[in-house]
Amino acid sequence: MHPFRAAVEAGDHDTIEALLAEDVVFTSPVAFKPYPGKAMTAAILRGAARVFEDFRYVREINGTDGRDRAFVFRATVDGREVHGCDFLHFDEDGLIDEFTVMVRPLSGAQALAAAMGAQFERITAEVPGASAA
């Protein structure tokens with residue numbers, strides 16, 4: 001099992017943050033603009049942990065060069081079933097420098113968007129210098 005998956009499944013946010021590159025870019029399934037930086041990405045992931053219920057990875061897919069991984073997950077958000085995938089790219093130091101999330105179905109994505117929107121003030125408060133836009 002990959003250390004990222006193990007950290008997520010254990011709820012170990014310190015280890016998750018340690019696996020992020022300083023210049024990581026997080027691409028949300030429900031927001032157009034990507035979010036740059038380790039502090040923001042870690043805060044978003046903590047927010048996601050607060051809104052996902054019964055989160056579990058069901059499959060791990062490895063790229064041939066060892067720098068890409070996909071983690072397929074299932075969860076619920078506000079009673080809506082969500083199927084999704086975390087697509088991670090790792091830099092030459094083995095740290096996550098790209099983190100893209102995709103989810104389905106539309107009803108699950110809408111529930112996730114609403115739940116994360118409700119978290120966003122708290123998320124930005126956790127990041128020095130961030131502003132809720």
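Start by selecting Thr-41, which you will find in helix H3. Keep in mind as you go that this is a predicted model.

**Stop 1: around Thr-41**

Is Thr-41 buried or exposed? Its relative accessible area is 0%, so Thr-41 counts as buried, the cut-off being under 20%. Now show what surrounds this residue: setting aside neighbours within four places in sequence, Thr-41 is in contact with Leu-20, Val-24, Phe-26 and Tyr-35.

**Stop 2: the sheet**

Next, switch to a cartoon view and colour the strands. Six of them make up an open sheet with mixed pairing, and the order to trace is S2-S1-S6-S5-S4-S3. At the edges sit S2 and strand S3 (53–62), each of which pairs on one side only.

Zoom in on S4 and S5 within that sheet. These two strands run antiparallel and are joined by 10 bridges. Which residue of S5 is the bridge partner of Thr-76? Select Glu-81 and you have it.

**Stop 3**

Bring up H1 and look at how it is placed: H1 lies across S3, S4, S5 and S6, and runs at about 175° to S3. Then turn to H4, which lies across S2, S4, S5 and S6 and runs at about 70° to S5.

**Stop 3: along H4**

Stay with H4 and follow it from end to end. This helix has 20 residues, and the distance from its first C-alpha to its last is 29 Å, close to the 28 Å expected at 1.5 Å a residue.

**Stop 4: the nonpolar core**

Finish with the largest nonpolar core, which holds 36 residues. Select Phe-4, Phe-52, Ile-96 and Phe-99, the members that touch the most other members. The elements giving two or more residues to this core are helix H1 (3–10), strand S1 (20–27), helix H3 (38–51), strand S4 (68–77), strand S5 (80–90), strand S6 (96–104) and helix H4 (106–125).

Leaving out neighbours within four places in sequence, Phe-52 is in contact with Phe-73, Ala-75, Thr-76, Val-77, Val-82 and Leu-112.

How values were computed
Residues numbered from 1 in each chain as written. Predicted model: local features only at pLDDT ≥ 70, side-chain atom pairs only at ≥ 80, totals over all residues. Heavy atoms only, no water. Core = buried A, V, L, I, M, F, W, Y, C linked by side-chain atoms within 4.5 Å. Buried < 20%, exposed > 50% of the residue type's maximum accessible area, 1.4 Å probe, protein only. Helix = DSSP H or I, 4+ residues; strand = E, 2+ residues; numbered from the N terminus. Contact = heavy atoms within 4.5 Å. Expected span 1.5 Å × (residues − 1). Pairing = 2+ DSSP bridges. Axes fitted to C-alpha atoms, helices over the stretch in contact; angles between N-to-C directions.
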